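Have the viewer open as you read.

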Amino acid sequence: MNTRIRRSAVAVAAAAMAVSLAACGSAKESGGKTSESASGTAKGDAIKVGLLLPENQTARYEKFDQPLIEKEIKALTNGKGEVIYANAKQDATVQNSQIDTMLTNKVDVLIVDAVDSKAIAGSIKKAKDAGIPVVAYDRLAEGPIDAYTSFDNEEVGKVQGKALLDALGDKAKAGQVVMMNGSITDPNAALFKKGAHSVLDGKVNIGKEYDTKEWKPENANANMEAAISALGKDKIVGVYSANDGMAGGIITALKSAGVSPLPPVTGQDAELAGVQRIVAGDQYMSVYKPYAPEAQAAAKMAVALAKGEKPATTSTVDSPTTKGVASVLIPVVSLTKGNIKDTVVKDGVYTVDEICAGKYADACAKAGLK
């Protein structure tokens, strides 16, 4: 699986990947300097990279991001680079402790996907004070970060909102839409929400809206049950769900309430379960985010920074604490039943057999996947 993903070249992200390749040049080429360890010894490829991911409930982090980053760093350092990995399991306090441990272990650079973008700011400053550069990965952490890579997160929300409007057609104002946003501790969730509102406001009736604690499907399920009770199961014409995991909890609540046919439900991350729900007609769409170019961009920036070089980037972003952060933003794709073959199958994320296993075989045949 991971080998196939690593090989895949996502067309929409090719430009960003090409630009980021320059980050692997020599110190002379980049205008930077050769990095030194705490002892003052110049470093070559034998660098230590601390990789901190936020949780393991969402399939992407340990199935895609971790192995892709580790593989790219090995490739960039001729096999000499070492990755020290930690997963915070959705606990911001644990993640701060993990950073302390990384600093004690004298890593040369950190790649951090923050559980809580605000709570991590103090630890980012500790790293900066210790002379250790930080790449914010996927979520824009606060504090003095050196570089950032993610997807165009406001565009993600716009893609979701546009897809929901397409699915609703002339029924857009025939009932109520429920909005199930992500966790308030995740800055990306605010951007998804902003993008979605920019498309949906004035074009649909938003009956209920929730910020879902910790992105947990069970919390989305409980919120959806409350929305059904408040609005009435026959009044809900569509559901904006910020990701696939929550979409699963939402759809379970809708089915348990006897809602039939199911209203269109959005998603994000192109998780296998989400893709299968799309094939089955339970979920309308997901946002396919090609993890390979994001992971590769993070690895390239981290290796460049560890060697004292200036990483190649394509844009800048502002966090609440740091302006003009050098960044690489990766484009996204709206994934529906009609383009599964041309996205996650073509790029080697999943095989047709994986998607169409068991109870999904008949639906796959009808969708033209088998």
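## A glutamate to start with

Does glutamate 142 count as buried or exposed? This is a predicted model, and in it glutamate 142 has 9% relative accessibility, so it counts as buried, the cut-off being under 20%.

You'll find glutamate 142 in the loop between strand 4 (134-137) and strand 5 (147-151). Its side chain makes a polar contact with the side chain of lysine 118, at 3.1 Å.

## The whole chain

Zooming out, the protein has 370 residues, and 55% of them count as buried. There are 15 helices and 12 strands. Take the contacts between residues at least 6 apart in sequence: 73% of them join residues at least 24 apart.

On confidence, the average pLDDT is 90, and 88% of the residues score at least 70. Watch residues 1-41, though: pLDDT stays under 50 there, and the model has 81 contacts beyond four places in sequence for that stretch.

In soluble globular proteins, nonpolar side chains tend to be buried together. Here, the largest nonpolar core has 87 residues, and Ile111, Val178, Met224, Ile340 and Ile355 have the most contacts inside it. Helix 12 (residues 291-306) brings the largest share of this core, 11 residues. Apart from that core lies another, of 22 residues, among them Leu52, Val112, Ala114 and Val317.

Back to isoleucine 111: not counting residues up to four places away in sequence, its neighbours include Val49, Leu51, Ile69, Ile73, Val135 and Tyr137, plus Ala298 and Ala302.

## Aromatic pairs

The structure holds three aromatic pairs. Phenylalanine 64 and tyrosine 291 are stacked, at 5.1 Å centre to centre with 20° between the planes. This pair bridges 227 residues of sequence, from helix 4 (residues 60-76) to helix 12. Both phenylalanine 64 and tyrosine 291 are buried, and ring pairs link Phe64, Tyr291 and Tyr350 into a cluster.

Why is the pair of phenylalanine 192 and tryptophan 215 edge-to-face? Because their planes sit at 70°, with the ring centres 6.2 Å apart. Phenylalanine 192 is in helix 8 (residues 187-200) and tryptophan 215 in the loop between strand 7 (206-211) and helix 9 (217-231), so the pair ties together parts 23 residues apart in sequence. Phenylalanine 192 and tryptophan 215 are both buried.

Key. Residues are numbered from 1 along each chain as its sequence is written. This is a predicted model: local features need pLDDT of at least 70, side-chain atom pairs count only at pLDDT 80 or more; totals for chains, interfaces and linings use all residues. Side-chain values use heavy atoms; hydrogens and water are left out. pLDDT is the predictor's confidence in each residue, from 0 to 100. Contact means heavy atoms within 4.5 Å. A nonpolar core is a set of buried Ala, Val, Leu, Ile, Met, Phe, Trp, Tyr and Cys residues joined through side-chain atoms within 4.5 Å. Buried means under 20% relative accessible area, exposed over 50%, partly exposed in between (1.4 Å probe, protein chains only). Helices (H or I, at least four residues) and strands (E, at least two) are DSSP runs, numbered from the N terminus. A polar contact is a pair of N or O atoms within 3.5 Å; within protein, one must be able to donate a hydrogen and the other to accept it, and residues adjacent in sequence count only if both atoms are side-chain atoms. Rings of Phe, Tyr and Trp (its six-membered ring) pair if their centres lie within 6.5 Å; planes under 30 degrees apart count as stacked, over 60 as edge-to-face and the rest as tilted.
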